[in-house]
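Let's take a quick tour of the structure shown here. Keep it open while you read, and look up each spot as it comes up.

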Amino acid sequence: MVTGELMSGAEIVLKALADHGVEHVFGYPGGAVLPIYDEIFQQDKVKHVLVRHEQGATHAAEGYARSTGKCGVVLVTSGPGATNAVTGLTDALLDSIPMVCLTGQVPTHLIGNDAFQECDTVGITRPCTKHNWLVKDVNDLARILHEAFYVATHGRPGPVVVDIPKDVQFAKGKYVGPKNIEHKTYRPQVKPNQDAIRAAVELISKAKRPLLYTGGGVINSGVIASKLLREFVKMTNIPITSTLMGLGAYPASGKNWLGMLGMHGTYEANMAMHDCDVMINVGARFDDRITGRLDAFSPGSKKIHIDIDPSSINKTVQVDIPVVGDVAHALEDIIRVWKAKSHELDKKALAAWWKEIDVWRAKDSLKYRANKDVIMPQYAIQRLYELTRDKEVYITTEVGQHQMWAAQFFKFEDPHHWMTSGGLGTMGYGLPAAVGVQMAHPKALVVDIAGDASVQMTMQEMSTAVQYRLPIKIFILNNQYMGMVRQWQQLLHGNRLSESYSESLPDFVKLAEAFGCVGLRAEKPAELDDRIREMIKTPHPVLFDCRVASLANCFPMIPSGKAHNEMLLGEDVSDEEVGTAIDAKGKELV
Amino acid sequence: MNAHQQPTGSAYFLDTSKKTVETHTLAVVADNEPGVLARIIGLFAGRGYNIDSLTVSETIHDKHVSRFTIVTTGTPSVLTQIRHQLERMVPVHSVADLTVQGNSIARELAMVKVAGGGEKRMEALRLADAFRARVIDASTDSFIFEITGKPDKVDQFISLMVPIGLVEVSRTGVAGISRGPEGMKV
Ligand SMILES: Cc1ncc(C[n+]2csc(CCOP(=O)(O)OP(=O)(O)O)c2C)c(N)n1
Ligand SMILES: [Mg+2]
């Protein structure tokens, strides 16, 4: 297409998507996007994946983005199409996932008239996007689409919405290519300040009890960031922990790995956070699930914080050395300066620190009571891991206990292989996310570790999986409870299990069959391995009903109002202790 | 097990310590595109920040650039957060905390309607003169004064007009600018 040639708005949309290398769009049609769907029909560069609910499209795009490092793309109609996308947009905003969501809108002359399927899409999505646009003139469309991709993928990634009225999709306008298009003014800082780098290196070099606390920013920064992180750990022998979002950046088999930290993190990771003298936060944001009680958060440490978003710095925790910039750039600089100065850590101090850590490790905080008759949920994840470890496997999750057990017991060796809803905690994320991941990695084994309650939120996407022959595996840890809710009710509300029992669960095997998937069930530990093998072998989507102990609790746990060094460990908690774990001060909290 | 006797609790940590708040004036330069005001106001509302005063107008017409002056109250760390949160908005070019920079000027304009007769009328004119307020409308039993100055001067003038017969006030809110030769990044 020659620059300057007139095209319809709908053609411009498809042209822009193709020019940005978009191969898959997750969407759902409706009146206000029909011209775009008509264009989709008449080309074959961009493949459209028809979901069954717009929320599914957004999570599929998130899974796609997170597992590839590319931008996820969503297309939905006006009104209910746009409002159904809101949960996924918010999810992507909180977890910093790049996503471009195109929404249809009623024709410009009807905007504000309460027209059929009109809603104030830019108004509704303003607080749940990084930025959004309403396109009123077809001649702005190409530029705005390019800006949208630029904004979604640069700086701290996030979702954007481009709202396109139907008349703009029909109108003829000029297409300009994406070359050299950036945003007029938006220029996030990528390269860190070198004084900050030098100060950080200086501080690390003097540390006696250093600790790396890494997060989703390492994943977002790309595979190179994980490589540099591994190199730095190897050079310095510093222990490393990660948030839920950062798992896989450093391999779980690595000798410096302490496991995940935070509310359900390991004893050694949280104790090390509490007792370290230099904390190096790489691409994490001091989330409240990580810090626990703020006034007792790592009281003796100097803190370095590497983050691409300046607003993350000093938001909740005051740090000593802020480093604003992209993680890969910052790590590269740190490694370079470290080598140039031939720094070495105090070997004796570091050995003593490791000795302390080994004592904490010896507590084996993830241990649980094995059972011969009932499948323990932790055991199910362990078996799933062992039986799939020789494969290229991507894990997504829903939200609840199963999510935390997956994070604790599945061992992630590489970045981009773990997709979970961390910031928003969206039940229903995992199944559509698995659809998106499988679309991007057709040959890989993609498993959604699910809960019996969560899976019912977006289970219609099984139909999408069947339509596109995506052999995703939905592995339900069926405890017949909203387990995480039940656990909190036990801990915080006198074990009054208000509305947390999963009443009237569907027969998941029959449900699978109704959708044209394969249903499998395991009820006894003895049959688990065979069933899992069967699941892996099956070249179709599988819904796996794994019946697990219904009242198991997820430990370790930092109870509310408590510090990192006041964890509850599974083994030594009696029911009594569970009931009194939260002291009076903790209970006051709203 | 007597867990049922335990009162209820929460999983959030609440910080109850009291910190002193300060009032700062921020200047924000941003693209004058549709929704930019809603975006900025939405940020304050959504994150629970205060707006004491907000003024905005397009200041560079050919570039469609607007300048906001926002007066806000918060603890020092909240005020820093506000600045960072504003800075990361896509249409925002630059943000300056005029209070932190020091050496800045804040002005406000008010139109003050006063009604009454006799000695009160004379008193109103005398005070207006002292405050360099101008009469911009008059009838046999009312005046409208226009006054510009620092917000506290405007406050003071208005409070003096109350016993004389203050009817209503329209204020622009504060506009701020730093002294010296440098301007903000546009
Ligand atoms: C959309 C949504 N609604 C409500 C919640 C609150 N919530 C968190 S975990 C949970 C229960 C999840 O139950 P299930 O999927 O069975 O997982 P389990 O904890 O039993 O492993 C609920 C209701 C949520 N996170 N997301
Ligand atoms: Mg459950």
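A residue is called buried when its relative accessible area is under 20%, exposed when that value is over 50%, and partly exposed in between. Keep in mind that this is a predicted model. With the cut-offs in hand, we can start with Ser8(A): its relative accessible area is 9%, so it falls in the buried group.

- Ser8(A) sits in strand 1 of chain A, which covers residues 6–8. Leaving out residues up to four places away in sequence, Ser8(A) touches Gln169(A), Phe170(A), Ala171(A) and Lys172(A).
- Val106(A) is found in the loop between strand 5 (99–105) and helix 6 (121–125) of chain A. Its relative accessibility is 5%, so Val106(A) is buried too.
- What does Val106(A) touch, not counting residues up to four places away in sequence? The list is Ser78(A), Ile111(A), Ala115(A), Phe116(A), Gln117(A), Glu118(A), Pro165(A) and Lys166(A).
- Val106(A) and Val437(A) are 331 residues apart in sequence, and their C-alpha atoms are 32 Å apart in space.
- Over in chain B, Ala115(B) belongs to strand 5 (residues 104–115). With a relative accessible area of 33%, Ala115(B) counts as partly exposed.
- Setting aside neighbours within four places in sequence, Ala115(B) is in contact with Asp141(B), Ser142(B), Ile164(B), Gly165(B) and Val167(B). Between the C-alpha atoms of Ala115(B) and Met161(B) there are 9.6 Å, with 46 residues separating the two along the chain.

**The magnesium ion**

- Which residues coordinate the magnesium ion (ligand 2)? They are Asp452(A) through OD, Asn479(A) through OD1 and Tyr481(A) through O, at 2.1 to 2.2 Å.
- Asp452(A) lies in the loop between strand 17 (445–451) and helix 19 (461–467) of chain A, while Tyr481(A) lies in the loop between strand 18 (473–478) and helix 20 (483–492) of chain A, so this pair ties together parts that are 29 residues apart in sequence.
- Read along the chain, the donors of the magnesium ion (ligand 2) have the spacing D-x26-N-x1-Y.
- Asp452(A) and Tyr481(A) are both buried.

**Helices that pack together**

- For two packed helices, we describe the angle between their axes and the distance between the axes.
- Helix 1 (residues 9–19) and helix 7 (residues 138–153) of chain A have axes that come within 10 Å and cross at roughly 25°. Helix 1 and helix 7 of chain A are therefore roughly parallel to each other, and their crossing is right-handed.
- On the helix 1 side of chain A, Gly9(A), Ile12(A), Val13(A), Ala16(A) and Leu17(A) meet Val138(A), Leu141(A), Ala142(A), Leu145(A), His146(A) and Phe149(A) of helix 7. The residues of this contact split into nine nonpolar, two polar and no charged.
- Now look at helix 16 (residues 377–388) and helix 22 (residues 525–537) of chain A, whose axes come within 10 Å and cross at roughly 45°. Helix 16 and helix 22 of chain A are therefore oblique to each other, with a right-handed crossing.
- Helix 16 of chain A brings Tyr379(A), Ala380(A), Arg383(A), Leu384(A), Leu387(A) and Thr388(A) to the contact, and helix 22 of chain A brings Pro525(A), Leu528(A), Asp529(A), Ile532(A), Arg533(A), Met535(A) and Ile536(A). Here the tally is nine nonpolar, one polar and three charged.
- Helix 2 (residues 34–41) of chain A has the buried residues Pro35(A), Ile36(A), Tyr37(A), Glu39(A) and Ile40(A). Those buried residues pack against several elements of chain A, including helix 1, strand 2 (24–27) and helix 8 (166–170).

**Backbone details in loops**

- Phe555(A) and Pro556(A) are joined by a cis peptide bond, with omega at about -5°. Pro556(A) is in the loop between strand 20 (542–547) and helix 23 (575–580) of chain A.
- Ser504(A) is not a glycine, yet its phi is positive, near 50°. Ser504(A) lies in the loop between helix 20 and helix 21 (508–515) of chain A, and at 65% relative accessibility it counts as exposed.
- Arg132(B) also has a positive phi without being a glycine, at about 55°. Arg132(B) lies in the loop between helix 4 (119–130) and strand 6 (134–139) of chain B, and its 72% relative accessibility makes it exposed.

Note on methods:
Residues numbered from 1 in each chain as written. Chains lettered and ligands numbered in written order. Predicted model: local features only at pLDDT ≥ 70, side-chain atom pairs only at ≥ 80, totals over all residues. Heavy atoms only, no water. Donors = N, O, S within 2.8 Å, 3.2 Å for Na, K, Ca; no water. Helix = DSSP H or I, 4+ residues; strand = E, 2+ residues; numbered from the N terminus. Buried < 20%, exposed > 50% of the residue type's maximum accessible area, 1.4 Å probe, protein only. Axes fitted to C-alpha atoms, helices over the stretch in contact; angles between N-to-C directions. Parallel < 35°, antiparallel > 145°, perpendicular 65-115°, else oblique. Left-handed = near helix turned anticlockwise from the far one by under 90°. Contact = heavy atoms within 4.5 Å. Nonpolar A, V, L, I, M, F, W, Y, C, P; charged D, E, K, R; others polar.
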